[in-house]
Amino acid sequence: MTVALAERPHHDYPATDLGVPVGTPTFAMVDGTVTTATSGVGVYPGSGGRCGNTVIIEGVDTVRYTYCHLSAVTVTTGESVAAGQQVGLTGGQPGAPGAGNTTGPHLHLSMRGSGRTLCPQPLMLSILLGSPINPLAAPSSGCISGQPNTNWAAWLDQRITQ
Ligand SMILES: [Zn+2]
């Protein structure tokens, strides 16, 4: 995953859509418990809803991580996962079983904590750069298309030098 991908804003609410080929391994962001692992979803519309095959992880950090449009799910509900553990394969090919509502292959990732939807971009970028932030420090704005977008690299730099 490139830094540019990690910084992209989302179309309509705080989240991210990573444009990656179908079958790209996807991993738990933090230690946690799988609370939803939905596989075998059929073709959208009519089966599985917008998210398609879904993995939801309740992190030990109290943040809920939701992965959508998966072409394969490799964890089960109730399972404990460790940061970096594979949870599935990306999907999102329109019309494919489990893809949900999608316009092309991608991973949808959203985060919710402290009653807020959080921008995943600064967490992903900080993981890529080798020093993960506290996910609850992520803001709820600055990651939506059509609104002022945050330069996340500069945002991270500012946190370090403050
Ligand atoms: Zn999305």
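Student: How many helices and strands are in the protein?
Tutor: There are 3 helices and 10 strands in the protein. Helices (H or I, at least four residues) and strands (E, at least two) are DSSP runs, numbered from the N terminus. This is a predicted model, where local features need pLDDT of at least 70, side-chain atom pairs count only at pLDDT 80 or more, and totals for chains, interfaces and linings use all residues. Residue numbers start from 1 along each chain as its sequence is written.

Student: And in what order do the elements run?
Tutor: From the N terminus on, they go α-β-β-β-β-β-β-β-β-β-β-α-α.

Student: What about the overall size, what box do the C-alpha atoms fill?
Tutor: Along the principal axes, the C-alpha atoms fill a box of roughly 50 × 35 × 30 Å. The radius of gyration is 15 Å, which agrees with the value near 15 Å for a compact globule of 162 residues. That radius is taken over C-alpha atoms, and the globule rule is 2.2 Å times the number of residues to the power 0.38.

Student: What share of the residues is buried?
Tutor: Buried residues make up 40% of the 162. A residue is buried if 20 or more other C-beta atoms lie within 10 Å of its own, exposed if 12 or fewer, and partly exposed in between, with C-beta atoms placed from the backbone.

Student: Which residues touch the most other members in the largest nonpolar core?
Tutor: Those are Val-55, Ile-57, Tyr-65, Tyr-67 and Val-75, in a core of 31 residues. Such a core is a set of buried Ala, Val, Leu, Ile, Met, Phe, Trp, Tyr and Cys residues joined through C-beta atoms within 7 Å. At least two residues of this core come from each of strand 3 (32-38), strand 4 (54-59), strand 5 (64-68), strand 9 (107-113) and helix 2 (121-128).

Student: Let's zoom in on one of them. What is Tyr-65 in contact with?
Tutor: Leaving aside neighbours within four places in sequence, Tyr-65 is in contact with Met-29, Ile-56, Ile-57, Gly-59, Leu-109 and Met-111. Two residues are in contact if their C-beta atoms, placed from the backbone, lie within 7 Å. Tyr-65 also has Met-111 in strand 9 as its bridge partner.

Student: Strand 9 again! Which strands does strand 5 join there, and over how many bridges?
Tutor: Strand 5 is joined to strand 9 by 5 bridges, and the two run antiparallel. Two strands pair if DSSP finds at least two bridges between them. Strand 1 (residues 16-18) pairs with strand 9 too, in the antiparallel sense over 3 bridges, with Asp-17 standing opposite His-108.

Student: Why is strand 9 said to be largely enclosed?
Tutor: Because 5 of its 7 residues are buried, strand 9 is largely enclosed by the rest of the structure.

Student: What does strand 9 form with strand 10?
Tutor: A hairpin, with 2 residues between the strands; Ser-114 in the turn has a positive phi of about 50°. Strand 10 (residues 116-118) is joined to strand 9 by 3 bridges and runs antiparallel to it. Gly-113 stands opposite Arg-116 there.

Student: Changing topic: what is the strand order in the open sheet of 3 strands?
Tutor: The order is 2-8-6, with antiparallel pairing. Strand 2 (25-27) and strand 6 (72-73) are the edge strands, each pairing on one side only. Strand 2 is joined to strand 8 by 3 bridges, and Thr-26 has Gly-88 as its bridge partner. Strand 6 pairs with strand 8 (residues 86-89) over 2 bridges, with Ala-72 opposite Leu-89.

Student: Now two single residues. Where does Val-30 lie?
Tutor: In the loop between strand 2 and strand 3. Val-30 is partly exposed, with 19 other C-beta atoms within 10 Å. Beyond its neighbours within four places in sequence, Val-30 is in contact with Gly-59, Val-60, Asp-61 and Ala-83.

Student: And Thr-38, which strand is that in?
Tutor: Thr-38 lies in strand 3. Thr-38 counts as partly exposed because it has 18 C-beta neighbours inside 10 Å. Setting aside neighbours within four places in sequence, Thr-38 is in contact with Asn-53, Thr-54 and Val-73. The C-alpha atoms of Thr-38 and Leu-70, 32 residues apart along the chain, are separated by 9.1 Å.
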